[in-house]
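Colleague: I'm new to reading protein models, and I'd like to go through one with you. Could you take me through a few features, starting with the general idea each time?

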Amino acid sequence: MNVFSVLLIAGCVAVSSAANLRREEGPVMGYPTAGVPILPEHLDFADGVETSDFVFDVLERTPNQGQGGTVQGRESVNTPALQGQGIALSLFTVEEGGQNLIHYHPRATELLYVIKGTIEVGFTDTTGTLHANTVKAGQATVFPRALLHFQRNIGKGTSQYISMLNSENPGVMSFPRVFATLPADILAQALRTPIEDIKALQSRVVPPQLSAGGENPDY
């Protein structure tokens, strides 16, 4: 067998392997365009996306205002270039002492990069182990998919960080929201707590995702 034949066979194997990998990719978990799901084998990017769409201003997004800061999100539903790419991002600006309340993303792993300030982060794994760290400007941390986690500004002044998620529709399940909506008798049994106490706690849950810093007797 000559060198050309070997190269030809290797090339065919490589193409075949690439084709198999391509076929194994499932539909992107996100939003459809014109009612048609975006499949990676059909498009490099969504219909109608122009060159200028690949640069977008995160700061121009109307902030989602919480009691302890703001969130400015970029997802495929509001950023055409992200459609079909399996990624989303959010910019957090958190006041001193403020925190992003305990939550998880059912469809995404989160990579967080601190731009300014110092934050405390933590997540609990499936063995019940808490992984808590301090993250400073210029450092990054990761929260594994679907695990409860939080962030809190423990530095002086405002902190700012960007969250990147490997799904264009990652979803957010807030622990306070879940706690407030589950049946009180179910929670009472799980926590070995009188149902009246559970109902009292449910009525005091802070609705916004970002809570104000410090202690507040109204919480």
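This is a predicted model: local features need pLDDT of at least 70, side-chain atom pairs count only at pLDDT 80 or more; totals for chains, interfaces and linings use all residues.

Colleague: Okay, is Ala146 buried, exposed or partly exposed?

Modeller: Ala146 has a relative accessible area of 36%, so it counts as partly exposed. You'll find Ala146 in the loop between strand S8 (140–143) and strand S9 (149–153).

Colleague: What should I look at in its backbone?

Modeller: Look at phi. Most residues other than glycine have a negative phi. Ala146 has a positive one, near 65°.

Colleague: Where does Arg192 sit, and what is its phi?

Modeller: Arg192 is in the loop between helix H3 (184–191) and helix H4 (195–203). Its phi is positive too, about 50°, although Arg192 is not a glycine. With 71% relative accessibility, Arg192 is over the 50% cut-off, so we call it exposed.

Colleague: Let's go inside. How do I read a nonpolar core?

Modeller: The general idea is that in soluble globular proteins, nonpolar side chains tend to be buried together. In this model the largest nonpolar core has twelve residues, including Val71, Phe92, Leu112, Ile119, Phe143 and Tyr161.

Colleague: Which strands each supply at least two residues of this core?

Modeller: Those are S3, strand S5 (110–116) and strand S6 (118–124). S6 gives the most, with three residues. Apart from this core there is another, of five residues, among them Phe179, Ala184, Leu187 and Ile198.

Colleague: What does Phe143 touch, leaving out residues up to four places away in sequence?

Modeller: Its contacts include Leu112, Val121 and Phe123, along with Thr109, Glu110 and His149.

Colleague: And how do I read aromatic pairs?

Modeller: Check the distance between ring centres, then the angle between the planes; over 60 degrees counts as edge-to-face. The count here comes to four aromatic pairs. One of them is Phe45 with Phe54, at 5.3 Å centre to centre and 85° between the planes, so it is edge-to-face. Phe45 is partly exposed at 36% relative accessible area, and Phe54 is partly exposed at 41%.

Colleague: Last one: what lines the second largest pocket?

Modeller: For a pocket, ask about volume and lining. This one has a volume of about 330 Å³ and is lined by 22 residues, with Val71, Gly73, Glu75, Ser90 and Val172 nearest its centre. The lining divides into seven nonpolar, twelve polar and three charged residues.

How values were computed. Residues are numbered from 1 along each chain as its sequence is written. Side-chain values use heavy atoms; hydrogens and water are left out. Rings of Phe, Tyr and Trp (its six-membered ring) pair if their centres lie within 6.5 Å; planes under 30 degrees apart count as stacked, over 60 as edge-to-face and the rest as tilted. Buried means under 20% relative accessible area, exposed over 50%, partly exposed in between (1.4 Å probe, protein chains only). On a 1 Å grid over the protein atoms alone, a cavity is a set of points where a 1.4 Å probe fits but cannot get out, and a pocket is an open set with protein on both sides within 12 Å along at least five of seven lines; lining residues have an atom within 4 Å of a point. Grid points are joined across faces, edges and corners, and a volume is the space filled by probe spheres set on the points. Ala, Val, Leu, Ile, Met, Phe, Trp, Tyr, Cys and Pro count as nonpolar, Asp, Glu, Lys and Arg as charged, and the others, Gly among them, as polar. Helices (H or I, at least four residues) and strands (E, at least two) are DSSP runs, numbered from the N terminus. A nonpolar core is a set of buried Ala, Val, Leu, Ile, Met, Phe, Trp, Tyr and Cys residues joined through side-chain atoms within 4.5 Å. Contact means heavy atoms within 4.5 Å.
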